[in-house]
2 protein chains.
Amino acid sequence: MRPGLAYLWGLRRQHGMRLAELGERKAIEIISSLLDRAPDAFPPIGDDVAGWRLGGGLLAILKTDMLVASTDIPPGMTYYQAARKAVVMNVSDMAAKGARPLAILASLGLPGGLAEEDLSDIARGLNDAARRYGAFIVGGDTNECGELVICCSLFGLCHEDELVPRSGARPGDILATTGGFGLTYLGLKALLEGIELSGPVREAALKAVLMPEARLEVGLALARAGVLSSSVDSSDGLAWSLHELSRASGVGFLVEEMPLAPGVEEEALRLGLDPFEACFYGGEEYEIVMTVRPDGWEEAVEAARRAGVELKRMGRAVGEPGIWLREPDGNLRPIEAGGWEHFRSGRHGDGHGRDAR
Amino acid sequence: MRPGLAYLWGLRRQHGMRLAELGERKAIEIISSLLDRAPDAFPPIGDDVAGWRLGGGLLAILKTDMLVASTDIPPGMTYYQAARKAVVMNVSDMAAKGARPLAILASLGLPGGLAEEDLSDIARGLNDAARRYGAFIVGGDTNECGELVICCSLFGLCHEDELVPRSGARPGDILATTGGFGLTYLGLKALLEGIELSGPVREAALKAVLMPEARLEVGLALARAGVLSSSVDSSDGLAWSLHELSRASGVGFLVEEMPLAPGVEEEALRLGLDPFEACFYGGEEYEIVMTVRPDGWEEAVEAARRAGVELKRMGRAVGEPGIWLREPDGNLRPIEAGGWEHFRSGRHGDGHGRDAR
């Protein structure tokens, strides 16, 4: 093709679609398709964590996730809380796999106008979150960046036969989760849209957004009990988690009870919001969504209870494709894929993270 | 203090100095001072890499470093080259310690306007660089970000008694490096200021900036030979590297010969630039700067030669503090601390990395 014609063919031809059109999942597919596969890597690319076989059945577990101010820091979140969240969101992925984090590196992209106290708050947030989950910040680096970026990388260990993949769910397995959903949906509505929540729910909803917790101890206990067939963390929303387990395992799901957190249904209805939306499409919740082998259910409940968590049974895996909620009237309502997706879903803050104080 | 008075006391009191005034090194000190220390971590925070004792003398080696478009991508660098550099700059730190990288995670902050082809170029750059050094990209994540950010995290293994720290130099040790300096100084002048370089140096200088290499094989060979007392990578400039070894080891250095790359001295003089500046303050060079125990020098030279590298002897460690160059006339010229420092040293690009194509 002559250069003139190539030019007329236009930018789309020359550079392909833009990320804003492609969306995050397609972007990950493109990248993943261009990477050589490592024989010693396990689980394969696309699970919550990466791993590397050390021999003797032991895996080095590796995880990285980047917190970016404009998409991950809602108004009202402090620097301390932002740094803490950057650790929690990574620990949550290790928790879902049954891996204990040991060492954390923190790579910081910092705007030049950041103040010394803000930097100290970031350091304290990182350290406190690491220590809370038994890990240490052992290194990192600092960089100048147009907006605040905190990229944590975690190292941990796990026995290969204890790691719970996304791919092991079988029809008949019990679908369960470590906690209730919907609080972050309400909390983000309050912080982003100024919706007034009523007293008791307000506190829980803001805490869920600003001071989230990872389900590490219960994740470790369940993995060690050896009764889970699959699991995933729920940070991209419960609907997304179910679709991920469904895709990776080749099963469908019938949800028989919405695992709503206490007070969410009443508050949503009071505000004219759909509890279904709050349950499945909130996102930024750090629960573990899992399938349990039917003969291991009692053991799972007991292991979780010893770790201080009451497992919520929400349904079961089925052989037919599709993910459905059985409503109280018996109707089946489809739970479509959805949830937070970078490049498509908009942004939390004002694009410069200056809300983090 | 009453609120009114606190307000009059001003922002400086309330929020401390800004990063742009503090500089990167002070920022790192502040962060580091607030972190709990891990008993199983080795080497301590502040060396080129972090490590975690796995037992049996084996260390898990961890490294993260973030490439940010506005400071790390000069005009004329492609997305492929930028992604490649994001890997190389991390591998270089492992090389300096004698650790082999095995698995790499890549966390990407991507502007929404990035095109599909650019994304593919980034993936190819990451994969090619990882494979070149025997490692694999085993995971990562993608995020929306105002400017291009590529944060790589490396996992590798190393025997604790082979890891070369920054802190082991003793007076009398031979100061050496794996290659010549000054090409990136000229190359960055060409890319950032439009200075015209003459033919043969031009090619080498642009290659040094756009397609740098990490000194992995020679780093591993030297560490295994067991003859190094200290080492550091030179990505922040040769002067900075010498000051780091000096600070960590408590020695001074007498540099008897500037380790200039071929052609740099003549080209610098032709352009009215100071070869001393080119040698010590270029930065973004990925050589290993090391001290060798005097009785191990021949073995070090031989180990390096087998890895295809001719060691450059440049001086020696001395008991007196300070770092000096002995000039041809016998005068001692001080080599001041300096080199690239985030928040203080300005930026490469236009602040948005749109030069990366």
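**Sheet and chain pair**

Tutor: In this predicted model, chain A holds an open sheet of 5 strands in the order E1-E2-E5-E3-E4, with mixed pairing.

Student: What makes strand E1 and strand E4 of chain A edge strands?
Tutor: Each of them, E1 (50-55) and E4 (136-144), pairs on one side only. Neighbouring strands of this sheet are turned by 15° against each other on average, with direction ignored.

Student: How do you know that strand E3 of chain A pairs with E4(A)?
Tutor: Two strands pair if DSSP finds at least two bridges between them, and 8 bridges join E3 (residues 100-110) to E4(A), so the two count as paired, and they run parallel. As for individual positions, Leu110(A) stands opposite Glu144(A) in E4(A).

Student: Why is the relation between chain B and chain A called that of a two-fold axis?
Tutor: A rotation of 180° with 0.0 Å of shift along its axis superposes chain B on chain A, with an RMSD of 0.0 Å, and that is the relation of a two-fold axis. In chain B, the C-alpha nearest the axis belongs to Ser153(B), at 3.2 Å from it.

Student: How do you know that the same surface serves both copies?
Tutor: Of the contact residues of chain B, 100% recur in chain A.

Student: What makes up the contact on each side, and how do the residues of chain B divide?
Tutor: With C-beta atoms within 7 Å as the criterion, the contact takes 66 residues from chain B and 66 residues from chain A. The side of chain B that touches chain A divides into 35 nonpolar, 19 polar and 12 charged residues.

Methods
Residues numbered from 1 in each chain as written. Chains lettered and ligands numbered in written order. Predicted model: local features only at pLDDT ≥ 70, side-chain atom pairs only at ≥ 80, totals over all residues. Contact = placed C-beta atoms within 7 Å. Nonpolar A, V, L, I, M, F, W, Y, C, P; charged D, E, K, R; others polar. Least-squares fit on C-alpha atoms with pLDDT ≥ 70 in both. Helix = DSSP H or I, 4+ residues; strand = E, 2+ residues; numbered from the N terminus. Axes fitted to C-alpha atoms, helices over the stretch in contact; angles between N-to-C directions.
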